[in-house]
Amino acid sequence: MRYSEILIPTLKEVPAEAEVVSHQLMLRAGFIKKLTSGIYTYLPYGLAAIRRVETIVREEMNRAGAQELMMPMVQPADLWQESGRYEKYGPELLRFKDRHDRESCLGPTHEEVITDIARRHFHSYRDLPVNLYQIQTKFRDEIRPRFGLMRGREFIMKDAYSFDVSDEAAEVSYRKMYTAYNRIFERCGLEFRCVEADSGTIGGSFSHEYMVLAETGEDTIAVCNECSWAANLEKAKVTLPEDDAKPVQQELVKIETPGKRKVPAVCEFLKIEPEQLIKTLVYLADGEAVALLLRGDREAEEIKLKNYLGVNEIRLADDKEIFDATGVPSGYLGPVDIKIRLLADQEVVSMANSAVGANEKNFHLQNVNIPRDFEVSDIADFRQLTENDPCPECGESLRLVEGIEVGHIFKLGTAYSESMKAYFQDGDGNELPLVMGCYGIGVSRVVAAAIEQNHDDSGIIFPVPLAPYQLTVLNLGLSDPEVNEAAEKIYSDLTDAGLDVFLDDRDERPGVKFKDADLLGFPLRVTVGKRFKENAKVEVRTRRDGRTDEIAVQELVSYITAFIA
């Protein structure tokens, strides 16, 4: 491809609308053009990068035995009503009516459509297993789209769906996708982790997320320093040390704590540490008030609480809602004689002689003990993991890192097949629900994540597998017949060798060409200039480490081929 023949509207300045690096560089490098909030046109150079990801994904999905199809983006509402997700999914599902007043939606995902296909075509155990996938545009009506392709409303996604006769067979399909996904992200040249994750609105019993590690990641993940265990904080299990012998229980004391509502203020007043206090948080779970007990220095993990309660929505109650539900002002609530459902993080049960709110304004209790002073039946892991907690697999130390979710695989089980009556007949003639799995990759998001992980002050540093072009040839002698002819021949020879070559044939100053080459992220830059006339050599620069070599023209193809390989 010649620069003179492609649309790449580069920008010198960072657009004001762009907050994260990938969004800034995609706009500056002419990858994308904003059409409206959260919706972008993929310009030729950006689309070429997306096609690289698609090719890798398609090859590995086919290798794993999946079959490609294409499903409609517009979906009838009645399918979503069958599955029970039409209302549950929330406002991110864009609903509309056609001219015949039929309700439809733009597909954010395709579980309902694929299940409809399965119930029409897979009737016998002999038809299974099957894995079907597509690479297609999705739409989710994000309330606050931001970060360019990282969290847009319209995006490109690969989604696959497996159908099996049993949980055991579904596990085989899941492991195939687990292996395929690892190969995909390895081939993309990205540093990533596969982590245990929450299944969210898709549902299912078990899932893994694939996270590209980057400082600007939206998710925090816990990674063991010794073994392969990793998990999203939403899912990360807290393992408690073995119980030490509890101290002697002291007499319960009621203490006046005027105006002391927050943990730091209460602890300072009582001359105790936060780990000696039990805080009581009130949540509204699908509108019902519940109280959660947590050690004073801990943070609640709301996804764990939501999943435990089995509700669709959960949020912290405000001061008025707390008073309406309990009759106690915020800041003084405690577990003794509380009026609403009480849940406790597992760590709280091992605490002794703790401080709590007295359920009375301006008062706290000290030396509270379980079960002497109160009882709680709902006990589970409700808090966030910290770097001070041990790895739940091997017991060694952890570290917390930031990641960008680019893929997610789910064990769906029979939730969709049962609700939508997708049954098959087994070898004994029994009708059973299909056992499903779901496997997604944010194709356009992979490109953004790659840029977040691979850039410097000058621009993008593409991993070779994702680069729209593997190298650029800079012709610095358009007015010099000898240099111009050499640049054209080098371009032709490299192209004939099967390489994806970009020729900068613009009539621009060398400095402009160098800056644009760095901005666009070509893995290699071949410069053909005046020095070629002196020694028949060209300068080859590696974008990632800045290494520069002078290579004889006759050795150029073998040098670059070896680098690309």
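Modeller: A residue is called buried under 20% relative accessible area, exposed over 50%, and partly exposed in between, with a 1.4 Å probe and protein chains only. By that rule Asp 141 is partly exposed, its relative accessible area being 22%, whereas Arg 153 is buried at 18%. This is a predicted model, in which local features need pLDDT of at least 70 and side-chain atom pairs count only at pLDDT 80 or more, while totals for chains, interfaces and linings use all residues. Residues are numbered from 1 along each chain as its sequence is written, and side-chain values use heavy atoms, with hydrogens and water left out.

Colleague: What is a salt bridge, and how many salt bridges are found in the whole structure?

Modeller: The term denotes a side-chain nitrogen of Lys or Arg within 4 Å of a carboxyl oxygen of Asp or Glu. The search finds 47 of them. One of these joins Asp 141 to Arg 153, with 3.1 Å between the closest N and O atoms.

Colleague: Which residue forms a salt bridge with Glu 347?

Modeller: Arg 383 does, again with the closest N and O atoms 3.1 Å apart. Glu 347 belongs to helix α10 (residues 346–349) and Arg 383 to the loop between β20 (378–380) and β21 (398–413), so the pair ties together parts 36 residues apart in sequence. Here helices (H or I, at least four residues) and strands (E, at least two) are DSSP runs, numbered from the N terminus. Glu 347 counts as buried at 8% relative accessibility, and Arg 383 likewise at 0%.

Colleague: Where do Arg 506 and Asp 516 lie?

Modeller: Their side chains meet in a salt bridge of 3.0 Å, N to O. Arg 506 is in the loop between β28 (501–504) and α14 (510–520), and Asp 516 is in helix α14. Both residues are buried.

Colleague: How are the strands of a sheet held together, and in what order do they stand here?

Modeller: Strands of a sheet pair through backbone hydrogen bonds, either parallel or antiparallel. Two strands are counted as paired if DSSP finds at least two bridges between them. This structure has an open sheet of 5 strands in the order β28-β27-β29-β30-β31, with mixed pairing. At the edges stand β28 and β31 (548–552), each with a single partner strand, so one side of each has no neighbour in the sheet.

Colleague: How many bridges join β30 to β31?

Modeller: Strand β30 (residues 537–542) is joined to β31 by 5 bridges, and the two run antiparallel. Glu 539 stands opposite Glu 550 in β31.
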